[in-house]
Amino acid sequence: MGICDQRTVIITGAGGGLGRAYALALAAERASVVVNDIRQEAAQAVVDEITRLGGQAVANADDITTLDGARRIVVQAIEQFGEVHVLVNNAGNLRDRMFVNLSEEDWDEVVRVHLRGHFCLANTLARYWRDKAKAGDTVDARLINTSSGAGLQGSIAQSNYATAKAGICALTLVQAAELGRYGITSNAIAPAARTSMTEGAMPDVVKKPADGSFDFWDPANVAPLVVWLASPLSRHVSGRVFEASGGKISVADGWRTGPVQDKGARWLPEELGPVVDALIARGVAPQKVYGT
């Protein structure tokens with residue numbers, strides 16, 4: 001028995017990197033896994049790995065950025081395993097450019113895969129779970145979204161990616177507020193690990209240590225948090241964004257109302273300089289943008 005026994009999980013972008021690590025860890029905890037990746041062979045390779053280890057999994061290569069594709073994924077999961085309990089929105093891409101060099105295509109492609117990709121499957125499943133709850137069935141469902149440090153603090157040459165990842169944090173908050181009544185939680189993770197994206201961006205930083213010491217950047221280090229969030233044990237946690245890397249886990253403290261100065265009347269523009277300076281002095285300094 002594992003902590004995800006009899007739970008079915010859909011993982012997007014699970015043909016490698018973090019998604020593969022999640023799939024293997026969830027299967028080890030007795031979850032049935034739908035391994036979604038646009039690279040059919042990569043998805044099937046992960047499925048084969050899981051089944052060799054005695055787990056249950058099926059490959060899927062449908063497009064997560066369309067509602068039709070999302071519906072096909074959900075239908076396959078239900079036909080194969082009888083139910084869906086968890087969605088791990090993991091798939092992503094990069095089109096890194098300095099902001100002034102971004103093309104319309106660079107912007108749209110990253111926002112499409114990250115934000116629209118998060119929407120389509122979550123929306124499809126939320127409707128399905130809501131209908132079950134309204135019919136009187138017990139729902140104990142999970143949305144696990146993927147943000148990034150870039151989405152929390154910004155990142156040089158990644159304005160498209162950082163914007164999409166910040167949007168995912170806001171989406172998570174709204175999902176948690178709206179869907180809790182149906183037995184659905186929504187949380188996000190901001191992982192840091194060795195993936196095809198980080199190896200391309202900073203290969204010397206994320207490489208595996210040659211001396212056999214703790215591999216901080218191993219994607220498997222992030223997987224235990226995802227497994228726990230997918231399990232029944234996490235039903236009391238929703239609307240949170242977790243950062244995870246190596247052996248570190250933290251809960252992000254997002255935007256909140258800071259110091260306030262209330263005049264009780266309309267401000268004059270020329271009055272605001274010292275007021276703004278005082279408010280900034282009283283507040284907590286923001287974390288630095290990555291790359292600065």
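A residue is called buried here when its relative accessible area is under 20%, exposed when the area is over 50%, and partly exposed in between, with a 1.4 Å probe and protein chains only. Helices (H or I, at least four residues) and strands (E, at least two) are DSSP runs, numbered from the N terminus.

The model examined here is predicted: local features need pLDDT of at least 70 and side-chain atom pairs count only at pLDDT 80 or more, whereas totals for chains, interfaces and linings use all residues. Residues are numbered from 1 along each chain as its sequence is written, and side-chain values use heavy atoms, with hydrogens and water left out.

Strands of a sheet pair through backbone hydrogen bonds, either parallel or antiparallel. In this analysis two strands pair if DSSP finds at least two bridges between them. Two of the pairings can be followed in detail. β4 and β5 pair in the parallel sense over 3 bridges, and V88 stands opposite I144 in β5. Strand β6 (residues 184-192) also pairs in the parallel sense with strand β7 (residues 241-245), over 5 bridges, and there A192 stands opposite S245 in β7.

Contact means heavy atoms within 4.5 Å, and angles run from 0 to 180 degrees between N-to-C directions, with axes fitted as lines to C-alpha atoms, for helices over the stretch in contact. K132 lies in helix α4. K132 counts as buried because its relative accessibility is 19%. Leaving out residues up to four places away in sequence, K132 touches E83, D137 and V139.

The expected span of a helix is taken as 1.5 Å times one less than its number of residues. With 21 residues, α6 reaches 30 Å from its first C-alpha to its last, close to the 30 Å expected. Its buried residues include Y161, I168, C169 and L179, and the buried residues of α6 pack against α4, β5, α5 (149-153), β6 and β7. In the loop between α5 and α6 sits A157, which has a positive phi of about 70° although it is not a glycine. A157 counts as partly exposed because its relative accessibility is 24%.

Helix α1 has 12 residues and reaches 17 Å from its first C-alpha to its last, close to the 16 Å expected. Among its buried residues are L18, Y22 and L26, and what covers the buried residues of α1 includes β1, β2, α2, β4, β6 and α9. R30 follows α1, with a positive phi near 75°, and lies in the loop between α1 and β2. At 42% relative accessibility, R30 counts as partly exposed.

In soluble globular proteins, nonpolar side chains tend to be buried together. A nonpolar core is defined here as a set of buried Ala, Val, Leu, Ile, Met, Phe, Trp, Tyr and Cys residues joined through side-chain atoms within 4.5 Å. In the largest such core, of 34 residues, I11, Y22, L26 and V35 touch the most other members. Elements giving two or more residues to this core include α1 (17-28), β2 (32-36), α2 (40-52) and α9 (223-230). Leaving aside neighbours within four places in sequence, Y22 is in contact with I11, V88, N90, I189, P191, V222, A223 and V226. A second, separate core of 24 residues includes V34, V74, C120 and A141.
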